[in-house]
Amino acid sequence: MNQTHADYRLSQLDQLEAESIHIFREVAAEFEKPVLMFSGGKDSIVMLRLAEKAFYPAKIPFPVLQVDTGYDFPEVLATRDNWVNRLGLRLIVASVEEALKNGVVVDDGKTSRNRHQIGTLLNAIEEEGFTAAFGGGRRDEEKARAKERVYSHRDEFGQWDPKNQRPELWSLYNGRLHAGEHMRIFPISNWTELDVWHYIGREGIEIPSIYFSHQRSVFERDGMLLTESEFNPCKPGEEASERTVRFRTVGDLTLTGCVESTASTIDEIIDEIAVARLTERGATRGDDRFSEAAMEDRKKEGYF
Amino acid sequence: MGADNALETAQNVGRNMDLLRFATAGSVDDGKSTLIGRLLLDSKSIFEDQLEAVEATSEAKGYDYTDLALLTDGLRSEREQGITIDVAYRYFATPSRKFIIADTPGHVQYTRNMVTGASTADLGLVLVDARQGLTEQSRRHAVILSLLRVPHLVLAVNKMDLVDFSQEIFDQIQAEFTQFATKLNIPDLAVIPISALQGDNVVNRSESMDWYQGPTLMHHLENVHVASDRDLVDARFPVQYVVRPKSDEFHDYRGYGGMVASGVLKPGDEVVVLPSGMTSKIAGIDLFDQEITEAFPPMSVTVRLADDVDVSRGDMIARVNNAPKPSQDIDAMVCWMTTEPLRKGQKLAIKHTTRTGRALVKDIQYRLDINTLHRDQETKELGVNEIGRVQLRTTVPLLCDPYSKNRTTGSFILIDEATGVTVGAGMINSAS
C-alpha cells in the first residue's frame, strides 16, 4: 500500500478503490435490502474485496446472489465457496434450471442460457425483495455500458431506460425508488480491465484457476475455442484437442471461449493483455457477437 | 506510441500512476468524437475488433474515410441520428497517467449533461472549428466549465487543416477567447491548434504548424498539474456509515466511515462533530485492517474518536477552529434539469454530502443567460437546462462551504419527491 505520501498524492488505483468503497457504503446506508451479484468472475471478486474493505472490521452487511446456469465451471464454484465461507456471507443461488422447470422463464429451444439468466435474476430479485443489486459491470467493456450510471435505475419490470437516466453529479448518488423498482449499482464503473488485474495482483486475492494457463480439451466453433464437456459436445466436423489455454472472462461454459496462452501469473496476464489485439468480450463471448447492439438490447431487458 | 509504450503503460497502471478526469464539450460538427477517437487510437487504447467494426460501418455508410466518431457513439438511437445524447465515459492511459473522459454533447438542450460531466472534471476541453471561430456554443461551454469550477481549461482549435494551418486565424481565435475568459473563473487556460482528423498536435506534433511552440494536446493532458487543486487545509469529513461490528473480537469498535472531502486528518487532532458541536479527538484512522497516520482527499477511511459522542450518518467531522456553520438558508446557483420548471414555493428533496432533507424554494433571484452572462431578474421560473440564482430554506441544517472553496461540501442535488428523479444541481454561493 502506498496511501501516505509526503505530497499527499493518491495513485489512480487507490483513487478508484476509494471511490468504490464510497459507493458501497452509500448503498449500505441508503438502501433497505442490497445484494451483491456474484458471477465468480474476476470483476465480482474485486467487488467482494472492496465490500470487505468498506465495512471492515464489520461483516459485509448484505448477501451474495449467484445465477446458476447449470453450466458453470467447477473451478469458479469452488472459488465462490471459498470467498463466501471466508467472509461468512449468505449465498443465494438462483438456478436457471429451476426457473425453467417452474416456468419462470420459457425455453424456446433457440435462446442461450445466458439470456435465460435475465428472467431468473429478475425473479430472484423480486422474490427476495432486493432494492439494490451490485454488479461488476465496467464502462470500458462496451459502448452501451459507457453511458450507464453508477446507480442505474430499473423499473418494476427490471428494465433499463437508457434515454431516461437520472443525471449523476459529483459523488451525490440518488437512490430514490418506488415500490417494486430496484437499482443496479456498479461500484467499479470507472475501472478498466487492467485496473482489475493490477488490483487482484496487489491484493493477492483468490480468483478461479481457469484465468491462468492450463491444459484443456477444446474445439473451435465460430472462431472461438470452447471447452469440450457433456453439456457442450462437438458437432459433426468439430474436433477436440488438448491445448494450453486460459479464460479471459468466465460465464456459461457452453458459450465462453478461451484463448491460447501460457500466462500463468498476474504479471504475465497483464503483459499479455497489453499486447492483446482483441477486447475481452468481443473475442470470447458468443453472447455479445450477435449484433452491434447486442449488449444494449440485453441491458434494456434487465441483464447485468 | 508503439507496443513498448503500451506494455509500459499496462505495467504502470498498478504502480504510482496519476489520474486526470476531463470533460469534453463540443458538437459532432466540431469534430469532438473524432478527437476522442484519435486520442484513443493514437494512445493504443482501441482494440482491433472495435476498429474493424467502425471501419465496416464507415464503409457501409459509403464514407471514404474511417469515421472515428463511431467509436464513441454508444446507444443505438445515437448511432442512427448521428448525435451524442448522453454523457459517456471513456478510458485511456499513457505511461504516466490514466484518463477518464466525460464525453458530453454540445447542443443547448443538453446543458444538463455538460453540467453532469463537468461536475467531476479536473479539466475541461472545449472544441471550436477554426473555420467558424468562437460560437455561442463554445462560449456557453466555457461558462458552464467556469460555473462548475473546473480548474483547468483547454481550448482546442480544431480543423486547422481546413484553414491552411493559418497562424493568423489561430491567433485571432485565441485573442478573442482570452478576452472572453477574463469575465469567467478560469485559473488555467491553454489554447492549442489541432487537426483531429489528421492527428496534428493531438498526440504527435504537427509538421504543418511550426509557428506553434506550445505542447501537443496529449502532452498538455499528461503534464497539467492537478494535485494542488485539492484543498489540504480545511478538514471536512462527512460521516457516511457507522461501522459497528459487535463481534467478539471487535466488541467495542465504533468507527465512522467516509471519504475525506478536504484537508488532512491525523490521529490526535482536536475535532468537532457537526451539527451537534460536540468535541473530541481522533483516536485512530483505519484503512481496512491498517492504522494510518494521515487521511487526505479523496481517501475512503474509517475514523475513530476518543470519546463516546453521538455521531451518525449525515454528520460532519471538522477541526475545532475551522468548521462550517450549520445553515438552513442557502443561496446557490442551480442548474434545472427537467421539463417541468422550477418555481418559487416549490418543495423538493435535497441531498448534500451524506445529508438528506427537504428544501423550499424561497426565491428565484435571476436566470443567467449562459450565452451573454446577462442576469434576467424578471424571471419567475427556471426551465429545463437553465441556470439561475436561487434561495432555499432547508429542513435540516447543511454543513456546507461555498462551492468556490469546496466542490464537495459546496454542491447538492435536488430530487423530485413524487418521481424520485434528480431535477436540479446546486452550487452554493453562501449560507446563513
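How many Å separate the centres of domain 2 of chain B and domain 3 of chain B? I looked this up first. The C-alpha centres of these two domains are 30 Å apart. I keep in mind that the model is predicted.

**Entry: domains of chain B**

I noted the bounds next. Domain 1 of chain B covers 3–229, domain 2 covers 236–319 and domain 3 covers 327–431. I then checked where domain 2 of chain B touches domain 3 of chain B. Domain 2 brings eleven residues to this contact, and domain 3 brings eight. On the domain 2 side I find six nonpolar, three polar and two charged residues.

**Entry: chain B as a whole**

I count eight helices and 23 strands in chain B. The C-alpha trace spans about 70 × 60 × 40 Å along its principal axes.

**Entry: a helix pair in chain B**

I picked helix 5 (residues 111–119) and helix 6 (residues 136–147) of chain B. Their axes lie 9 Å apart, and the packing angle is about 45°. An angle from 65 to 115 degrees would count as roughly perpendicular and one under 35 as roughly parallel; helix 5 and helix 6 of chain B are therefore oblique to each other. I recorded their crossing as right-handed. Helix 5 of chain B makes the contact through T111(B), M114(B), V115(B) and A118(B). Helix 6 of chain B answers with H141(B), I144(B) and L145(B).

**Entry: domains of chain A**

I turned to chain A. Its domain 1 is made of 12–196 + 294–301, and its domain 2 is 209–287. Their C-alpha centres are 24 Å apart. I find 17 residues of domain 1 of chain A and 16 residues of domain 2 of chain A in the contact. Which elements give two or more residues to the domain 1 side? I noted helix 3 (74–87), helix 5 (113–128) and helix 6 (193–203) of chain A. That side holds four nonpolar, six polar and seven charged residues.

**Entry: chain A against chain B**

Last, I looked at the contact between the chains. Chain B puts in 68 residues and chain A 63 residues. On the chain B side, helix 1 (residues 3–12) gives the most, with five residues. I sorted the chain B side by class: 36 nonpolar, 18 polar and 14 charged residues.

Methods
Residues numbered from 1 in each chain as written. Chains lettered and ligands numbered in written order. Predicted model: local features only at pLDDT ≥ 70, side-chain atom pairs only at ≥ 80, totals over all residues. Contact = placed C-beta atoms within 7 Å. Helix = DSSP H or I, 4+ residues; strand = E, 2+ residues; numbered from the N terminus. Nonpolar A, V, L, I, M, F, W, Y, C, P; charged D, E, K, R; others polar. Axes fitted to C-alpha atoms, helices over the stretch in contact; angles between N-to-C directions. Parallel < 35°, antiparallel > 145°, perpendicular 65-115°, else oblique. Left-handed = near helix turned anticlockwise from the far one by under 90°. Domains from an automatic or database assignment.
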